[in-house]
Structure formats: structure tokens, C-alpha cells
Amino acid sequence: LLPQAWYMIKFTFSLLTTLILPALCVAQVFVASGTVTDKQSGQPLSGASVVCQHTTIGTTTNAEGRFTLRLPQGGYELAVSFSGYETYAVRINGQTE
């Protein structure tokens, strides 16, 4: 290849990897967030476990009982557990509120 042609191929690849691929990756992710509280008192549950079943994706709630998960597009069964409470499961997808 001519030096000029090599530069164009390199530039095109750089443009693809820095601008286009990250945009495609972002478009395929949704954010699941919420607050885990005691059903009777309404108090937030700090340190509750929030896990997407059959994946390695999970987190714990913060001091206000809040959590956020970045998930690839699709449907998931979200399981919430906390010591002394029954595990709660709910089906979510990118359109669930």
C-alpha cells in the first residue's frame, strides 16, 4: 500500500473505534435503578443485595436504599434480598418503570 493509503485505512479504523463503536455499545445498555425499602415502615434498607438472576451482574444498596445497575438490553429477573426478609423477585427489561 502507498503511505497515503495506509494512513487513510488507519484513520478510518481509528474513527470507527473511537466514535462509532462506543456509540453502538451505549445504545445497547439500559439502566435499572430503584430504592429498596421495608414494606411496612417504608424505611430504606441499606446493604440489600440486588442481583440479576443467571448473570454475574449485581450490586448492594447505598445508605438511602438506592441502587443502580447498567445492563445489556434484554429481559432479566431482578432478585432483591436482605437478611431477615424474604427474597423479592421482579421481571425487568429496558422498558419497565
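**View 1. Four strands side by side make an open sheet, in the order E3-E2-E5-E6, with antiparallel pairing.** This is a predicted model, in which local features need pLDDT of at least 70 and side-chain atom pairs count only at pLDDT 80 or more, while totals for chains, interfaces and linings use all residues. Residues are numbered from 1 along each chain as its sequence is written, and side-chain values use heavy atoms, with hydrogens and water left out. Strands (E, at least two residues) and helices (H or I, at least four) are DSSP runs, numbered from the N terminus. Two strands count as paired if DSSP finds at least two bridges between them. E3 and E6 stand at the edges with a single partner strand each, so one side of each has no neighbour in the sheet. From one strand to the next, the twist averages 20°.

**View 2. Here's the hairpin of E5 and E6.** Strand E5 covers residues 76-81 and strand E6 residues 88-92, and the two pair in the antiparallel sense over five bridges.

**View 3. The largest pocket holds about 620 Å³ of space.** A pocket here is an open set of points on a 1 Å grid over the protein atoms alone, with protein on both sides within 12 Å along at least five of seven lines; lining residues have an atom within 4 Å of a point. Of the 25 lining residues, Thr35, Val36, Val80, Tyr88 and Val90 are the closest to the centre. Strand E1 (29-35), E5 and E6 are the elements that give two or more residues to this lining, and E1 gives the most, with six. The lining splits into 13 nonpolar, eight polar and four charged residues.

View 4. The protein chain has a mean pLDDT (the predictor's confidence in each residue, from 0 to 100) of 77, and 69% of its residues reach 70 or more. Confidence is highest in strand E3 (residues 58-60), at 96, and lowest in helix H1 (residues 3-27), at a mean of 47. Over residues 1-21 the pLDDT is below 50, and beyond near neighbours in sequence this stretch has six contacts in the model (heavy atoms within 4.5 Å).

Definitions and conventions
1 Å grid on protein atoms, 1.4 Å probe; cavity = no way out; pocket = protein on both sides within 12 Å on 5 of 7 lines; lining within 4 Å. Points joined across faces, edges and corners; volume = space filled by probe spheres on them. Nonpolar A, V, L, I, M, F, W, Y, C, P; charged D, E, K, R; others polar. Axes fitted to C-alpha atoms, helices over the stretch in contact; angles between N-to-C directions.
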